[in-house]
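Let's take a walk through this chain, starting with its charged pairs and ending up among its aromatic rings. Keep the view open as you read.

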Amino acid sequence: MQKVRIWKPTDEEIKEAKTWSTWSKEESTFDWYYDEPEQFYVVEGEVEVELDDGTKVKFGAGDMVRFEGGVSCTWHVKKRIFKHYKIG
């Protein structure tokens, strides 16, 4: 199973995402564990995430991203991120 999926969302997906909670983070590096799935729409920012198997994924403004539950990773926030997210 794919641990992370990144795609360009439809207008309808963006409209729905804008009803979700928001989160922002300045440039930084931190470890994270997804104990359940999380999907989010990136409004602004640029991030590179390194998964525990060494795979690197990049995403930024305009991307929809979904992490599956059980994923360990390290986030490298290159440009301040602001996102709408939902968990579960």
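A salt bridge here is a side-chain nitrogen of Lys or Arg within 4 Å of a carboxyl oxygen of Asp or Glu. The side chains of K25 and E26 meet that cut-off, at 3.7 Å from N to O. This is a predicted model, so keep that in mind as you look around. K25 is partly exposed at 25% relative accessible area, and E26 is partly exposed too, at 48%.

By this rule there are 10 salt bridges. One of them joins E16 and K86, whose closest N and O atoms are 3.9 Å apart. That pair links distant parts of the chain, with E16 in helix 1 (residues 11-17) and K86 in strand 7, 70 residues apart.

Now look at E48 and K58, which form a salt bridge at 3.7 Å, N to O. E48 sits in strand 4 and K58 in strand 5, so this pair ties together parts that are 10 residues apart in sequence. Is E48 buried or exposed? With a relative accessible area of 14%, E48 is buried, whereas K58 is exposed at 63%. Elsewhere, salt bridges with shared partners join K3, D52 and D53 into one network.

Next, the strands. Strand 2 pairs with strand 7 in the antiparallel sense over 5 bridges, and S21 stands opposite Y85 of strand 7. Strand 3 also pairs antiparallel with strand 7, over 7 bridges; there, Y34 has V71 as its bridge partner. Strand 4 and strand 7 run antiparallel as well, joined by 12 bridges, with Y41 opposite H84.

F40 is worth a click. Leaving out residues up to four places away in sequence, F40 touches several aromatic residues, including W20, Y34, F59, F67, W75 and Y85. K83 is on F40's contact list as well, and the charged end of K83 sits over the ring of F40, 4.0 Å from its centre. R5 does something of the kind with W7: its charged end sits over that ring, 3.8 Å from the centre.

That brings us to ring against ring, where the count comes to 12 aromatic pairs. W23 and W75 have ring centres 6.0 Å apart and planes at 80°, so the pair is edge-to-face. W23 belongs to strand 2 (residues 21-25) and W75 to strand 7, so the pair ties together parts that are 52 residues apart in sequence. W75 is buried at 1% relative accessible area, while W23 is partly exposed at 29%.

Y34 and F67 make a stacked pair, 4.4 Å centre to centre with 10° between the planes. Y34 is in strand 3 and F67 in strand 6, 33 residues apart, and both are buried.

Terms used
Residues numbered from 1 in each chain as written. Heavy atoms only, no water. Contact = heavy atoms within 4.5 Å. Phe/Tyr/Trp six-rings, centres within 6.5 Å; stacked < 30°, edge-to-face > 60°. Helix = DSSP H or I, 4+ residues; strand = E, 2+ residues; numbered from the N terminus. Buried < 20%, exposed > 50% of the residue type's maximum accessible area, 1.4 Å probe, protein only. Lys NZ or Arg CZ within 6 Å of the ring centre and 35° of its normal. Pairing = 2+ DSSP bridges.
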